[in-house]
Amino acid sequence: MAPKRALRLYNTLGRRVEELRTHQPGKVGMYCCGPTVYEYQHIGNFRTYILEDVLRRALTALGYEVRHVMNVTDVGHLTDDADEGDDKMLQSARREGKSAWDIAAFYTEQFFRDSRALNILEPHVVARATNHIDEMIELIERLESAKLTYEANGNVFYDVAGFDRYGELALLDRQDLRAGARIDVDSSKRNPEDFGLWFTRSKFERQEMLWDSPWGRGYPGWHIECSAMAMKYLGETVDIHCGGIDHVPVHHTNEIAQSEGAIGLSSHSDRRWVSHWCHGEFLIIDSAKMSKSKGNLVRIDQLVEQGYEPLDYRYFVLGAHYRKQQNFTAASLEAARSARLNLVDRLASLASEVGEAGAVDEQLAGADGEAHPLYQEALELAASDLSMPRVLEVLWRLAKEASGPAVDLLAGAAAIDGILGLGLVEAARRTAAERDVAAGAPLDGEIRALVDQREKARQEGDYATADRIRDDLAARGVELQDTPEGVRWRQQASV
Ligand code: AMP
Ligand code: ZN
């Protein structure tokens, strides 16, 4: 079935906003490069995962049926494409006195814990690289049959000279590449852009993760896993492929070379392996990219230690368009927190107007949030290259300015939040239920009478009676507080 409305999304391939064309009407196969699990993922990485989550939510809201696939890079891998650098999985294993397998399992778990805290929906398929070594070997064999590989110094390389579209995504100049080849210092590679598909020989003294292959016992290069897993779960036609902007020049460029090379697509065919490439810009901190190698990492659990909620960070991320760099500062996170709480507060008031905690759900279930004109406006903005800062503005308008029955406003907000994923309505329901109920707010008649009796006893100096009533109320879950403005009470809510 066709979607209600088409998504217009910037396509890195072609560098312009285009209407999404899917291979099957109304269905989207979406592949996202997942975490490398030898370390914690930092909040910069999570900016990209939040983008992917918002993309999935927007697609769903627009009426597409989404299949979301993500890999987990749990194979010890090289620093870069050259066969240089250290195996980071192994470095972590040594540092922490654990096996490479334990390290991968530990950081995978941390990644999903942080993702859940950020309301990131779990992909429909989470593919671990170590479970897909056979698929990678098969793909390398296909490339071998297509004469796109060569062996040198015990390792198998991709021969970029054999793939005529190499570098198109990154707008790499073929002339430059050939010029570069002449000054390449790596004697085992024919072109500087050639990259490892399978390593049997490396400079590492010890490699824990090794597998048998037609080329000998070894391990895969770090690009082949994404091609192999994307093709396994989404076939030879992927609708959207996502990742951070840093993946354009090398990782995604090499993924295209591998997949299109194996399928047999060349510059003469108008078919593409991936129709739409979506890349998120960087989160920067102190004017530098946040990255493991720069040592300027901030993690979600560190924000929590500082008293923030993970969703404050999600709110912060949604405040910038995904194609712009975003600067992370303490002040901007603080501003995001107070904006989010302010919104929750306003929605909590609407929830109280709708009724008691239990009734809110019932009322919301009976309301049609998608019918609200401001939801329709928000959906249109989401469909327009994921303009989340503007979707947030619409939500603010709905919460602060719009008029109408509270239940319709709340239902509209819930529908918009379905795209943003900020969990606002649940937070509002909790706040409404826990909030200090000031005098005049709904308390049941009998309790109200007891509060009044106690107040009278206090005014008459009968403190014994006043205290007895206070205890009686406490036993019924009502806590009293005497303030200069009069008595206030907090009713323990059944949420
Ligand atoms: P990695 O674990 O390094 O492979 O990165 C996981 C994802 O985060 C990839 O899609 C990267 O492109 C992305 N990424 C890495 N650093 C940043 C950053 N500073 N801001 C936004 N995304 C990033
Ligand atoms: Zn990837």
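**Conventions**

I number residues from 1 along each chain as its sequence is written, and chains are lettered from A and ligands numbered from 1 in the order in which they are written. As the model is predicted, local features need pLDDT of at least 70 and side-chain atom pairs count only at pLDDT 80 or more, while totals for chains, interfaces and linings use all residues, and side-chain values use heavy atoms, with hydrogens and water left out.

**Entry 1: ligand 1**

I looked up which residues surround ligand 1, taking a residue as near when one of its heavy atoms lies within 4 Å. There are 17 of them, and the closest are Thr-36, Gly-44, Thr-48, Asp-246 and Leu-283.

I then turned to polar contacts, meaning pairs of N or O atoms within 3.5 Å; within protein, one atom must be able to donate a hydrogen and the other to accept it, and residues adjacent in sequence count only if both atoms are side-chain atoms. Gln-41 places a polar side-chain atom 2.9 Å from an oxygen atom of ligand 1, and Asn-45 has a polar side-chain atom 3.0 Å from an oxygen atom of the ligand. From Gly-244 it is a polar backbone atom that lies 3.0 Å from an oxygen atom of ligand 1. Taken alone, ligand 1 exposes 490 Å², of which the protein buries 92%; the areas come from the Shrake-Rupley method with a 1.4 Å probe, and for residues only the protein chains shown count as cover.

Which elements give two or more residues to this shell? I find α1 (43-61) and β10 (238-244), where helices (H or I, at least four residues) and strands (E, at least two) are DSSP runs numbered from the N terminus. The most comes from α1, with four residues.

By class I note four nonpolar, nine polar and four charged residues in the shell around ligand 1; Ala, Val, Leu, Ile, Met, Phe, Trp, Tyr, Cys and Pro count as nonpolar, Asp, Glu, Lys and Arg as charged, and the others, Gly among them, as polar. At least three shell residues come from each of domain 1 (8-280) and domain 2 (285-434), the bounds being those of an automatic or database domain assignment.

**Entry 2: helix α6**

Is α6 enclosed or open to the outside? Nine of the eleven residues of this helix (residues 224-234) are buried, so α6 is largely enclosed by the rest of the structure. I use buried for under 20% relative accessible area, exposed for over 50% and partly exposed for values in between (1.4 Å probe, protein chains only). Among the buried residues are Glu-225, Ser-227 and Met-231, and also Cys-226, with a relative accessible area of 2%. Just after α6, Gly-235 takes a positive phi of about 85 degrees.

**Entry 3: cysteines**

I searched for disulfides as pairs of cysteine sulfur atoms within 2.5 Å, and the count by this rule comes to zero. For Cys-32, which is in no disulfide, the nearest cysteine sulfur is that of Cys-242, 3.9 Å away. Cys-32 is buried, with a relative accessible area of 0%.

Leu-386 is buried, its relative accessible area being 2%.

Asp-159, in the loop between β7 (155-158) and α5 (174-182), counts as buried at 12% relative accessibility.

Leu-374 belongs to helix α12 and counts as buried at 13%, and 8.5 Å separates its C-alpha from that of Ile-416, 42 residues apart along the chain.

Val-66 is found in strand β4 (residues 65-72) and is buried, with a relative accessible area of 13%; from Val-66 to Met-30, 36 residues apart in sequence, I note a C-alpha distance of 7.2 Å.
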